[in-house]
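Here are a few notes to read alongside the structure. Take them one at a time, and look for each place in the viewer as you go.

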Amino acid sequence: MMKNSDKMKVAGAEVRSIDEDSTLSVAASTETADNALAEEPHGEVEAQRLLKRTPNSYLYNQAYGLWFFISWFFLTVIITHEVSAAQYGVFAISLTAYNTILYIVALGLEDALTTYVPRIFAEQGQAAAASLTRRLLLARLIVLVISVGIMLSALPVIGALIAHLPIKGAAAAATSLNNPELLAHITPITIYVLGSSIGSLLNAVCAALMRMRIVFFIGSITQCVLLGLGFGVLQLGGGINGLLWLLAIGSLFNAGAFALWLSPFLLTRGASYKQALGPVIKLGISAWLTNLVTGALLKQASIILLSVFAVSLVDVGYFNLSFQLADSANLLLVAGFGGVSSSALAAAFVGKNYERLSYSWRALIKVETLLAAPVLVFCLFNASNITHALYGSQYDPVGPLLAIFLFFNIIFRVLGTLIHQPTLYVVGKARLVVLGQWVGMLAVIALGILFIGYFKLGPSGALIADGVAKCITGILLLVFLWKDLPHKYPLGFSLRFLLALTLAALPGILWHPSDRILLTISGCLFLILCCGLLFWIKPLDEEDIEMLGSMNPKIAKYLGWFARKSAAGVK
């Protein structure tokens with residue numbers, strides 16, 4: 001049987017690699033391995049190097065994501081203690097406007113960049129990748145110039161036009177755009193959008209080149225500075241306006257730091273190949289339409305349906321809290337794959353290598369399942385305990401609602417939905433992603449009317465509608481990929497792994513820890529039981545160990561304990 005490493009040509013025996021500072025290092029390679037690597041096409045060599053940087057890029061991105069969450073949490077705590085509730089409301093309105101505008105002007109360019117740049121970098125060289133990056137940056141700047149002009153001079157006019165649209169919610173949208181508090185802070189918000197939007201695209205460049213270490217350092221330093229100066233600004237009486245200016249100026253410095261560090265790449269000239277911009281923009285628009293559904297419309301559609309069917313505001317609040325908690329648990333340990341997974345799949349597809357792409361696709365599904373599923377399963381069996389420990393008895397009704405949405409999130413995650421999406425982008429089927437997401441959107445509306453309106457299930461009906469719709473989307477995307485990939489979905493692995501997690505979580509049915517300390521102890525016991533059951537069930541196989549060994553031999557050595565005997569014995 002041909003080895004996985006032979007099929008994929010990923011790393012070979014012990015090959016040379018380039019670290020994130022582009023410094024050539026030799027990792028105990030033999031003369032034979034060096035000669036074999038030298039004989040490979042340039043695209044294959046660069047693809048291997050990008051893939052070998054994937055694990056470290058994920059770790060750096062994950063660490064930065066956790067630090068960003070923690071630092072922003074502390075900043076929020078500082079704000080709530082230093083300003084009045086009314087002033088915090090102004091801050092919330094300003095941030096909502098910022099997030100909305102930032103999302104609108106993105107146009108999916110980050111997704112397009114992480115899909116195209118790794119392949120062009122590997123196949124056509126650094127100059128060609130830099131040429132495409134510069135043109136995408138120019139497109140982003142053009143959109144930003146137009147957006148900045150509108151924000152500074154035309155928001156009231158746009159609000160007046162929206163107010164006359166015969167659409168439900170148009171009046172509310174117009175009112176928010178004409179909000180005096182928003183208009184009073186529009187200049188720092190505009191600068192904040194400008195800096196953050198440029199920084200986001202440069203961040204995507206780092207992800208495309210698998211150089212996330214610099215994102216970790218620049219991003220972490222920026223957050224530390226904002227946290228310290230934010231406290232100082234509020235202590236000195238700067239208020240919300242001062243804080244918004246701090247965030248705006250910080251975003252510009254953050255974007256400038258990324259631009260400075262990436263300047264050797266961005267200024268590379270002499271490209272012999274020029275990627276047509278049309279397909280890249282089309283992919284970006286498809287990604288933008290997809291993100292529109294996943295980022296806002298699914299949840300918003302449910303909230304609108306709850307309002308239409310006169311569900312109480314208290315129940316709407318329970319729905320919102322359970323939705324947010326389930327999403328947080330879903331992303332807790334896999335947020336670091338944002339951008340990195342797209343780049344890894346694009347690198348795997350260099351030379352239209354469907355064999356290597358399918359192995360990488362399967363590996364990413366397994367890794368995401370390994371990281372995300374334990375958190376989701378533990379939270380599922382302890383949903384009521386978690387909500388009680390975090391929010392107290394007044395929010396006990398959230399527990400069963402959280403369990404409902406966690407159940408569907410487990411299916412959504414194990415299906416590999418978030419890996420199917422960038423894989424379809426890579427193989428040129430972005431339109432099918434849009435189709436799958438908007439079918440899910442229609443499913444939310446239809447099922448919401450059924451469960452909320454007909455069966456009168458309230459927030460639980462809304463969560464069932466959202467959950468089922470997400471699963472429908474995941475299944476559709478998997479079906480769209482089925483014919484393109486020679487290696488299929490790892491069903492056996494998923495079933496064995498979920499069996500181990502379910503068995504480990506069963507004690508939670510009998511033991512109901514009500515405070516945070518006991519809940520932490522319960523989590524530790526769950527992890528110990530998981531390790532024991534995984535050692536017994538052994539969900540990994542030979543293919544997994546070879547894949548891990550080609551990318552990180554140390555990890556493969558430890559995970560060999562959880563692989564079946566034939567796999568564990570592979571050197």
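**Notes on a predicted model**

1. The buried residues of H20 are Thr417, Ile419, His420, Gln421, Pro422, Thr423, Leu424, Tyr425 and Val426. That makes nine of the 10 residues in H20, a helix that is mostly covered. Please keep in mind from the start that this is a predicted model.

2. What follows H20? Look for Gly428, which comes after this helix and has a positive phi, near 85°.

3. Now find a partner for H20. Helix H20 spans residues 417–426 and helix H22 spans residues 458–481; their axes come within 9 Å of each other and cross at roughly 40°. Angles under 35 degrees would count as roughly parallel, and 65 to 115 as roughly perpendicular, so H20 and H22 are oblique to each other. Their crossing is left-handed.

4. Which residues make this contact? From H20 come Thr417, His420, Gln421, Thr423 and Leu424. From H22 come Gly474, Leu477, Leu478, Phe480 and Leu481.

5. Beyond its neighbours within four places in sequence, Leu406 is in contact with Ala326, Ala329, Leu376, Cys379, Leu380 and Ala383.

6. Stepping back, the protein chain has 28 helices and two strands. Of its 571 residues, 50% count as buried. Among contacts between residues at least 6 apart in sequence, 81% join residues at least 24 apart.

7. Finally, how far can you trust what you see? The chain averages a pLDDT of 81, and 84% of the residues score at least 70. Over residues 1–39, however, pLDDT stays under 50, and the model has 66 contacts beyond four places in sequence for that stretch. Residues 567–571 also stay under 50, with seven such contacts. Where pLDDT is low, the predicted coordinates should not be read in detail.

Key. Residues numbered from 1 in each chain as written. Predicted model: local features only at pLDDT ≥ 70, side-chain atom pairs only at ≥ 80, totals over all residues. Heavy atoms only, no water. pLDDT = per-residue confidence, 0-100. Contact = heavy atoms within 4.5 Å. Axes fitted to C-alpha atoms, helices over the stretch in contact; angles between N-to-C directions. Helix = DSSP H or I, 4+ residues; strand = E, 2+ residues; numbered from the N terminus. Parallel < 35°, antiparallel > 145°, perpendicular 65-115°, else oblique. Left-handed = near helix turned anticlockwise from the far one by under 90°. Buried < 20%, exposed > 50% of the residue type's maximum accessible area, 1.4 Å probe, protein only.
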